[in-house]
6 protein chains.
Amino acid sequence: MEQHPAEASPVCAEIDLWAQGETAGHLRVPHSRNDSGWGTIAIPIVVIANGEGPTLLLTAGNHGDEYEGQVALLRLARELDPAALSGRVILLPAMHDPAALAGTRKSPIDGRDFNRCFPGNPHGSVAEVLAHYIDTHLLPLCDAQMDLHSGGTGIDILPSACGHILDDEAYMERSLAMADAFGAPITLLLKEVNAGPTLLSAAERRGVVALSSELGGAGRLNPHGLAVTERGVRNVLKHYGMLDGVPEGERSRRMVVPDLAHYVFAPHDGIWETADRLGAEVRKGERAGFLHRIEEPLAPPTALAYGAGGLLWCTRGPGRARAGDPVAVVARDL
Amino acid sequence: MEQHPAEASPVCAEIDLWAQGETAGHLRVPHSRNDSGWGTIAIPIVVIANGEGPTLLLTAGNHGDEYEGQVALLRLARELDPAALSGRVILLPAMHDPAALAGTRKSPIDGRDFNRCFPGNPHGSVAEVLAHYIDTHLLPLCDAQMDLHSGGTGIDILPSACGHILDDEAYMERSLAMADAFGAPITLLLKEVNAGPTLLSAAERRGVVALSSELGGAGRLNPHGLAVTERGVRNVLKHYGMLDGVPEGERSRRMVVPDLAHYVFAPHDGIWETADRLGAEVRKGERAGFLHRIEEPLAPPTALAYGAGGLLWCTRGPGRARAGDPVAVVARDL
Amino acid sequence: MEQHPAEASPVCAEIDLWAQGETAGHLRVPHSRNDSGWGTIAIPIVVIANGEGPTLLLTAGNHGDEYEGQVALLRLARELDPAALSGRVILLPAMHDPAALAGTRKSPIDGRDFNRCFPGNPHGSVAEVLAHYIDTHLLPLCDAQMDLHSGGTGIDILPSACGHILDDEAYMERSLAMADAFGAPITLLLKEVNAGPTLLSAAERRGVVALSSELGGAGRLNPHGLAVTERGVRNVLKHYGMLDGVPEGERSRRMVVPDLAHYVFAPHDGIWETADRLGAEVRKGERAGFLHRIEEPLAPPTALAYGAGGLLWCTRGPGRARAGDPVAVVARDL
Amino acid sequence: MEQHPAEASPVCAEIDLWAQGETAGHLRVPHSRNDSGWGTIAIPIVVIANGEGPTLLLTAGNHGDEYEGQVALLRLARELDPAALSGRVILLPAMHDPAALAGTRKSPIDGRDFNRCFPGNPHGSVAEVLAHYIDTHLLPLCDAQMDLHSGGTGIDILPSACGHILDDEAYMERSLAMADAFGAPITLLLKEVNAGPTLLSAAERRGVVALSSELGGAGRLNPHGLAVTERGVRNVLKHYGMLDGVPEGERSRRMVVPDLAHYVFAPHDGIWETADRLGAEVRKGERAGFLHRIEEPLAPPTALAYGAGGLLWCTRGPGRARAGDPVAVVARDL
Amino acid sequence: MEQHPAEASPVCAEIDLWAQGETAGHLRVPHSRNDSGWGTIAIPIVVIANGEGPTLLLTAGNHGDEYEGQVALLRLARELDPAALSGRVILLPAMHDPAALAGTRKSPIDGRDFNRCFPGNPHGSVAEVLAHYIDTHLLPLCDAQMDLHSGGTGIDILPSACGHILDDEAYMERSLAMADAFGAPITLLLKEVNAGPTLLSAAERRGVVALSSELGGAGRLNPHGLAVTERGVRNVLKHYGMLDGVPEGERSRRMVVPDLAHYVFAPHDGIWETADRLGAEVRKGERAGFLHRIEEPLAPPTALAYGAGGLLWCTRGPGRARAGDPVAVVARDL
Amino acid sequence: MEQHPAEASPVCAEIDLWAQGETAGHLRVPHSRNDSGWGTIAIPIVVIANGEGPTLLLTAGNHGDEYEGQVALLRLARELDPAALSGRVILLPAMHDPAALAGTRKSPIDGRDFNRCFPGNPHGSVAEVLAHYIDTHLLPLCDAQMDLHSGGTGIDILPSACGHILDDEAYMERSLAMADAFGAPITLLLKEVNAGPTLLSAAERRGVVALSSELGGAGRLNPHGLAVTERGVRNVLKHYGMLDGVPEGERSRRMVVPDLAHYVFAPHDGIWETADRLGAEVRKGERAGFLHRIEEPLAPPTALAYGAGGLLWCTRGPGRARAGDPVAVVARDL
């Protein structure tokens, strides 16, 4: 694969993206601080390449409080034998490094949600500059890309691969084939317009076969989600013939969240007491739970009901919810 | 019981603490804001009283991100029939109201951990003024007190009642009897000096029979912990003859955390991958887990080991730990 | 009126903008928080529609500390009888909801002045996303629009409707007719370039007949300003034949603030002591007041003079001014 | 008057408090900043002394957003002729200088409300160190003291002198005589325990005849309040024989706010629409106003009623109130 | 010179840029604050003009903690005799006034590094609006421009003029001639793409002969750097025939920093102990210094080496460095 | 030496303070964070002990931006051979670890200047708890103590040992002997009351022979100051017979800063241009420098003069000063 002519970026890669074997280093993103005008943020990057084959970009730490992907890619970087590989894997195990170091969804530097920053801006804030570099310098190198998300601090979620419902059927088939190979219990398909500010949409605009995921949540490192992730990324490598063998694991259930009726939102601040556990089958109109107000101790809690039935795919993680927070999301089979 | 002469406090109770039946209202704590010099914080309080009998103070929301006690006391306030009661229950379901509204351990107003503020200060910050009021105006009214804690955002913990190992054996026996009645799976006994800045220590300095608890954690409302709490507070009322009936539930296991060797601390920042689940039996020297550093992707993670064996009583909740955070605490049978 | 094809926006309206009768609900604007990745801000919206007639958009809470319009629209939403209406009124009584809840001009979420955010950006911050939605989804539905402002915390101002001096005379006549109908004591006409980032300019770019206003200030809810506002919005409905009757009240005085000479700016920080009350007739060169410096108690205060004569239309609200703040603005008859 | 032996304080006075004539300078309070370890805060002080006579301490800027006293004392410092004086006036026109420079009630340095800091602490924060100095170094020099307050940003208030109801009748008579001389329209007497953290209480603990005041509010410089203040401080000088002449102005009305029933508190956040203007005579049970919630536009506003009748002495200044804020305070004749 | 048609900007100049003699005043940039909706930032500007001749723009305070240029231009504004001048000098001695008043690199208002804001945005934040004004209203008036920088708080640097290596040789020659005239000990030439967000690049896009500089650092006012600057700006005026005489001083050494190998970056946080002083000749592979980690007191410090040899042109100023900070930069002769 | 009975402290030492040889570990100070209720701060501590002899406590990082002592003690910890020692050295190379990690004078955790926290408070903030531990657990073990300071970010200072002028002459002689041994170019003696909140005063209250120092400043690691420090601490060990040999280096000049007249304070904010370099001999009334105001470019700078003559011992580090900052301090020979 030939390098696309890339736009000017202030980011410097300290490693050779075309080297054979395993190479580890950093992407250096300028970050002007009051006490360090020429300071930089060093984003860890690992490239493992051997012989002929596709280029796959695996990323984690897009949101800093989503841990399964970060640990899975760190382990893959240490354990993958370059000699066993055909092609090139580019790993960004802590892509949005400032957020990953903070353990927060958004960056403490510029307050940005990195997955709302694509296609980025070479003169913008740290997150925008990095998004622009990934869009203009890394995605053009890739045949496929997977961005490993989890629910983060705010939500708990059943382990799932996530893809977009796309107009180009052949292209979408390639995404679904990658999702089947990844082998998460669920594959959740979202109808999203192509102009979205996510890495997934950016990859699609570049014609790269792309997926994201939700592999746990509630701000914890979920052991089951981690196992799904570690198996999944090796499955994807096998799917592309980059590793020997065939993908392992059960068949993924294809689901959708059709519309807003499948969300239950908190109408006011309060403590959320869910009626059902994650993974329950729920019915429209059933009680989803109670929202407790501490301000008026004798007033009854607000009862909320599901607006649609299906699988309880996602719930609020922390006990306290703010007005407007989703406290439950229901998915249906495609 | 006669009212002890209380020290001067700027807090005003808007309800009559000696009224019969159920009374709900607020404690009004002055809080001078830049845009409201005479502003107040209104702490919800419920008193349920009927005939003769002891006075029991039940508190939750000492830390704002500990939810089982808050929901249990809100439900008790709504559902307890005053006519069925003998004595007086004083309920503060969201005691440290500013933290409870924020869903954070510490107050967004003064940054204080309320359970490090006793015996308080009538001229101090909001938390100190409130602590002083509880110590000087509420505790002297009480025969017994229970402060309902959970692990909060940072730690996940097996449901437990918590008490102090006290020099006065008869006094300690009364605490243990209350703990047995409460009926949590575990009763954890801590050796704490009497001068501690917690509400539990303040109650002990006043000679009130007192317990705290840990009823779940990881910042969630834990359904099992909630059930233990709801049963437990009614059990305590039965124990004191304030409700008819006898305490229900299994026998509580008495345990201790003898020394620092039973804690595993993170030596540096990183993502904590625990080797064992909460409740596992672990042995000294076994691997407790890995601490992953994202800065150097090819370096092996730091392996940590247990310094003592026993029951894995408490683990780090969020995936990311800071240097100095406990990532595991081991308890032993007394 | 036909729905214009709207640009993609991440905002979801939970109500049907074409329903007959009165419908109340929310616009849901995504707001990714560290503890709620899929959180939303719920902007209250009320639509009252009946039969044929024009569509009028009434907005308040563009700046959160301007109260007359917010209260007037809340009252209109509760009291307007749908059966008495011909046409459709869309009400956003607390349009920039995060700022309105905070009681501050700018949003505590993204620090943005909402009236400097148009035409918005569907991938930007909360304020920009909302501005984009109003510009692309609501304004195209409207024949006329009025955005109800007051002076806010920083300035006190004579109740006025405000419009732009426009090149298109016929269009400007329609604005002036609406201003005459509104019936504020003053109609203040500003020369503003068409590319401005305000809602007023956005409406003009869409060809909607549009006004804003200044209905009091100093961060208070001004009873006189409130009365002017409540009468004014009903007057506008009558003007458009949407309610029976004719506009009530006195004739509005048309005025302008021609240039910078009509502003008095504080040259340094200090306490502003005005020489005249709001509404006074002042002359060029007269003393406008004293600016007191507390740092040097024996130094005389700085005397400031008016740069032009006319009506003292606006004064600094708070006693302390910063260098660069306008402490007086003088208006002249057109 | 002889200097009392003062406690050790890190504050340095750069002027001689015993000099004759007019002396202006600063009190230097240490303030360790990250970029200036040995930095100081310079509090302006003016001493005017001539011949024999009492020592009077006049202070303003205790709260930084209360302006009438600050401007009145700055003017007095410039205009009082030392030759016309008998005795000594010590002026601190911007006593809590960090808050006065910020125009905020509380200090931006340590977040302290200065009038909650007495008797101070020589090792505490800037506000505590300064309070300790005033208590230990200035108050012992004084025969009388007056601390000039206004309502500040949050409340609007009828111009009043304020004193404490004291057990020592002779002492209280001297305070009332000074209040009568000051000549504000109202003299408001508060029952306050002697241990309060205010400057007024500190003065009383030292046996100094002392008053505070409320001379306007809503964060503005009120022209009428300023006139009352300027006349009042000269009246006090005349009362003590320090200036020739007799106090001028009308008779002050002595009032009290007997208990909490005379306060109307906001039960939740909202926009406050007062039913009455400041100075109205109101009756128990009458509607005090409406509290508007913007979250639910069709819900009726919360109507609040007066808990006691009398003179509407104080109202909320800004339109938006927080739960717990007083929105109205009623005073009764003594 | 004719005024270029300028784009609409909300900035108002309070002085006449075409007046003869010396004129001082402000550029007024709108800055909406919560307590001052129509507030402005007043940027000091001085214009000195006499007869025929070129227009030269001299700016300092682009970064607020770079002092040599600020003091040099303030002195020039006071001391330059208009009668001695031929042409026009426009001086912005504290261009990014909010940062200059704070003494910080970036603005406390919007957190922006002003030299990353060009070509600006008339609807953006304060820094962007000002950058847009300078780009569209001042640069089109100019024949030459010099923006006076120093190292700021974070770095210490040898006094240097700085220019870009440009494709247009004749244009670059004019820059080099101006640099030779300025007469700093070093002229550092940077290869920078033309699209950069700096004032220097903005000037180049307008075809203005332009330079920046580095005249000291470590957050101090360096006496030697100040002397170089004061002489240098007069030298430039002589170079353009705007003052009589010829440029004074030694020959400037032309140098470059060819690539990343000439930077030494801190791989982790620590205290930087440099092996060499600024100005030393260093060799590739030599020890550049030690980075001390305080967390593990017995671990050896991290030794860092130069990646290329040359002149030690720039070193880290403060003792503590963050991961990613440059601790040494080496320059080579062109 | 016998261990004094220590007061209860929540700090745990993870090392044995009585072990022979070299032992390194941490003091664990509880620090309740919102996301880690049982979190701790780990303060590095090293004990080197061998045979009989005195106990010496050496501390650095009291202020986090003072680097010479930190690096000197880290090096001593690595390089001192236990076998060569007679006695015990306790090293806290980064005593106030939160500030040292931040590189700031004050702690980012609680905003406290650690050297204003003694004798501390076991229930206070992190800094107060640590100060209490050092005062109650470490000082009682010691014969002598030296706390290594530098000027920090805000001031630049001639390398000096610092001691107090004490009433007990014999005790003071022991301090002076230790200062002579240390061998800094200057020994600066301060008249400080015994009740001060510094570690030096705390040591004196315990009867420990104690010194502090100023070994450079301006936020840099000064090579000369570092050399003085490294030699000095070994000199002190030799002085106490803990290492073989005699103290090396020149004779220290004993000086004092007698009163406020020896300080030059900035009367307003501005850029400080010093007239003299550190170490110059200056005379009373001579110009100390200019303070430049950027707000009014044509106004002359404020000229400041020395209030007393002597050695220019200390100057402002950063170019920008705030009102009240010392910009020069003059010392005189004793």
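**Chain contacts in a predicted multi-chain model**

The area buried between chain A and chain B comes to about 3500 Å², and carbon and sulfur atoms give 65% of it; by buried area I mean the accessible area, taken with a 1.4 Å probe, that two parts lose on being put together, summed over both. Within the share that chain A buries against chain B, Ile294(A), Pro297(A) and Leu298(A) supply 18%, which is more than any other three residues.

Before I go on, please keep in mind that this is a predicted model, in which local features need pLDDT of at least 70 and side-chain atom pairs count only at pLDDT 80 or more, while totals for chains, interfaces and linings use all residues. Residues are numbered from 1 along each chain as its sequence is written, chains are lettered from A and ligands numbered from 1 in the order in which they are written, and side-chain values use heavy atoms, with hydrogens and water left out.

Let me stay with chains A and B. Their contact, meaning heavy atoms within 4.5 Å, takes 43 residues from chain A and 43 residues from chain B. Between chain A and chain B there are 15 residue pairs in polar contact, both residues being at pLDDT 80 or more; a polar contact is a pair of N or O atoms within 3.5 Å, where within protein one must be able to donate a hydrogen and the other to accept it, and where residues adjacent in sequence count only if both atoms are side-chain atoms. Several elements give two or more residues to the side of chain A that touches chain B, including strand E2 (21-30), helix H1 (68-79) and helix H6 (223-239) of chain A, and H1(A) gives the most, with six residues. Helices here are DSSP runs of H or I with at least four residues, and strands are runs of E with at least two, numbered from the N terminus.

The count between chain A and chain B is also two salt bridges, a salt bridge being a side-chain nitrogen of Lys or Arg within 4 Å of a carboxyl oxygen of Asp or Glu. Glu273(B) and Arg75(A) meet in a salt bridge through their side chains, at 2.7 Å from N to O.

How much of H1(B) is covered? Of its 12 residues, 10 are buried, where buried means under 20% relative accessible area, exposed means over 50%, and partly exposed lies in between, again with a 1.4 Å probe and protein chains only. Among the buried residues of H1(B) are Glu68(B), Leu73(B) and Arg75(B).

I turn now to chains E and A. This contact takes 26 residues from chain E and 13 residues from chain A, and the area buried between them is about 1600 Å², of which carbon and sulfur atoms give 55%. On the chain E side, Arg105(E), Lys106(E) and Leu260(E) lose the most area to chain A, together 26% of what that side buries.

Across the interface of chain E and chain A there are 10 residue pairs in polar contact, both at pLDDT 80 or more, and E17(E) gives the most to the chain E side, with three residues. Two salt bridges also cross this interface. One salt bridge joins the side chains of Asp325(E) and Arg33(A), at 3.0 Å from N to O, and Arg33(A), Asp35(A), Arg316(E) and Asp325(E) are linked in a network of salt bridges.

What about chains C and A? Arg33(C) forms a salt bridge with Asp325(A), with the closest N and O atoms 3.0 Å apart; Arg33(C) lies in the loop between E2 and E3 of chain C and Asp325(A) in the loop between strand E18 (320-321) and strand E19 (326-333) of chain A, so the pair joins two chains. Both Arg33(C) and Asp325(A) are buried. Asp35(C) forms a salt bridge with Arg316(A), the closest N and O atoms being 3.8 Å apart. Here Asp35(C) is partly exposed, with a relative accessible area of 30%, whereas Arg316(A) counts as buried at 5% relative accessibility.

Asp325(D) is buried, with a relative accessible area of 0%, and Arg33(B) counts as buried at 17% relative accessibility.

Finally, which chains do not touch? No contact joins chain D and chain E, whose closest C-alpha atoms lie 11 Å apart, and no contact joins chain A and chain F, whose closest C-alpha atoms lie 11 Å apart. Over all chains, the structure holds 114 salt bridges.
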